[in-house]
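Student: I'd like to go through this structure with you before I set anything up. Could you walk me through it?

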Amino acid sequence: MTAAALALGGNLGDSRERLREAVAGLSDHPDVVVTAVSSLWRTEAVGGPAQPDFLNAVVLVETSLDSHGLLELAHSLEERANRVRDTRWGPRTLDVDLLDVDGQRSDDPHLTLPHPRAHQRAFVMVPWAEVAPDAVLSPAGSAPRTVGQWAASITGQHGTLVEEGPWWR
């Protein structure tokens, strides 16, 4: 089994429900075991047009899927949530990003691993540090650091804890 971290986010419609459905979709997949889910966080949008705040969470999984299979699953969850991809970094019902898949590196045009901007975004690093502070992230061009160290190094971005505990059930 391969360990992976995925970021969930959404800011259109019932985002909490879309994120809950994404966790359920991961849990229901026969080749995926959800091992941890962060609290639910509200954050301002980063980049892109003016838009509503996002709800965000990070999910840790063990899977027998390869990274491309996991990406296909992520895209299928977005499709079920009626995600529309018309504006880069625009509002969305659901965004599922692969952050890290067992430390693998990929520069495939469809899948960059680790996620190239995760270490710069509090909305990813804060929830990830909550569930795996000692996980090591080695973004291209940067020295490896723990997720907790990356989270602590981010300034100027704020998030609000919305709900702890099993919000996804």
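Student: What kind of model is it?

Tutor: It is a predicted model, and what follows should be read with that in mind.

Student: Let's start with the helices, then. At what angle do the axes of α1 and α2 cross?

Tutor: The axes of helix α1, residues 15–28, and helix α2, residues 67–80, cross at roughly 140° and come within 10 Å. That angle makes α1 oblique to α2, because angles over 145 degrees would be needed for roughly antiparallel.

Student: Is the crossing left-handed or right-handed?

Tutor: The crossing in which α1 passes α2 is right-handed.

Student: Which residues make the contact?

Tutor: On the α1 side they are Ala22, Gly25 and Leu26, and on the α2 side Leu73, Leu77 and Arg80. Sorted by class, the contact of α1 with α2 comprises four nonpolar residues, one polar residue and one charged residue.

Student: I notice the spacing in those lists. Why would residues three or four places apart point the same way?

Tutor: An α-helix has 3.6 residues a turn, so residues at that spacing point the same way.

Student: Moving on to the core: which residues touch the most other members of the largest nonpolar one?

Tutor: The largest nonpolar core has 29 residues, and Leu19, Leu70, Leu98 and Trp167 are the ones that touch the most other members. At least two residues of this core come from each of β1 (2–10), α1, β2 (32–37), β4 (54–63), α2, β5 (95–101) and β7 (111–113), with α2 giving the most, namely five residues.

Student: What does Leu70 touch?

Tutor: Not counting residues up to four places away in sequence, Leu70 touches Ala4, Leu6, Thr63, Leu65, Leu98 and Val101. Apart from this core there is another one, of 18 residues, including Ala5, Phe123, Met125 and Ala132.

Student: And α3, how many of its residues are buried?

Tutor: Helix α3 covers residues 122–131, and seven of its 10 residues are buried, so α3 is largely enclosed by the rest of the structure. The buried residues are Ala122, Phe123, Val124, Met125, Pro127, Trp128 and Ala129.

Student: What do those buried residues pack against?

Tutor: The buried residues of α3 pack against the strands β1, β3 (40–43), β4, β5 and β8 (136–137), and also against helix α4 (147–153).

Student: Now the backbone. Where is there a cis peptide bond?

Tutor: A cis peptide bond joins Leu113 and Pro114, with omega about -10°, and Pro114 is found in the loop between β7 and α3. For context, most residues other than glycine have a negative phi, and most peptide bonds are trans.

Student: What about Met1?

Tutor: Met1 lies in the segment before β1 and counts as exposed, at 64% relative accessibility. Once neighbours within four places in sequence are left aside, Met1 is in contact with Val33, Glu62, Thr63 and Ser64.

Student: And Ala45, how is it placed?

Tutor: Ala45 is in the loop between β3 and β4 and counts as partly exposed, at 26% relative accessibility. The C-alpha atoms of Ala45 and Gln157 are separated by 9.8 Å, although these residues are 112 residues apart along the chain. Not counting residues up to four places away in sequence, Ala45 touches Gln51, Pro52 and Phe54.

Notes: Residues numbered from 1 in each chain as written. Predicted model: local features only at pLDDT ≥ 70, side-chain atom pairs only at ≥ 80, totals over all residues. Heavy atoms only, no water. Axes fitted to C-alpha atoms, helices over the stretch in contact; angles between N-to-C directions. Helix = DSSP H or I, 4+ residues; strand = E, 2+ residues; numbered from the N terminus. Parallel < 35°, antiparallel > 145°, perpendicular 65-115°, else oblique. Left-handed = near helix turned anticlockwise from the far one by under 90°. Contact = heavy atoms within 4.5 Å. Nonpolar A, V, L, I, M, F, W, Y, C, P; charged D, E, K, R; others polar. Core = buried A, V, L, I, M, F, W, Y, C linked by side-chain atoms within 4.5 Å. Buried < 20%, exposed > 50% of the residue type's maximum accessible area, 1.4 Å probe, protein only.
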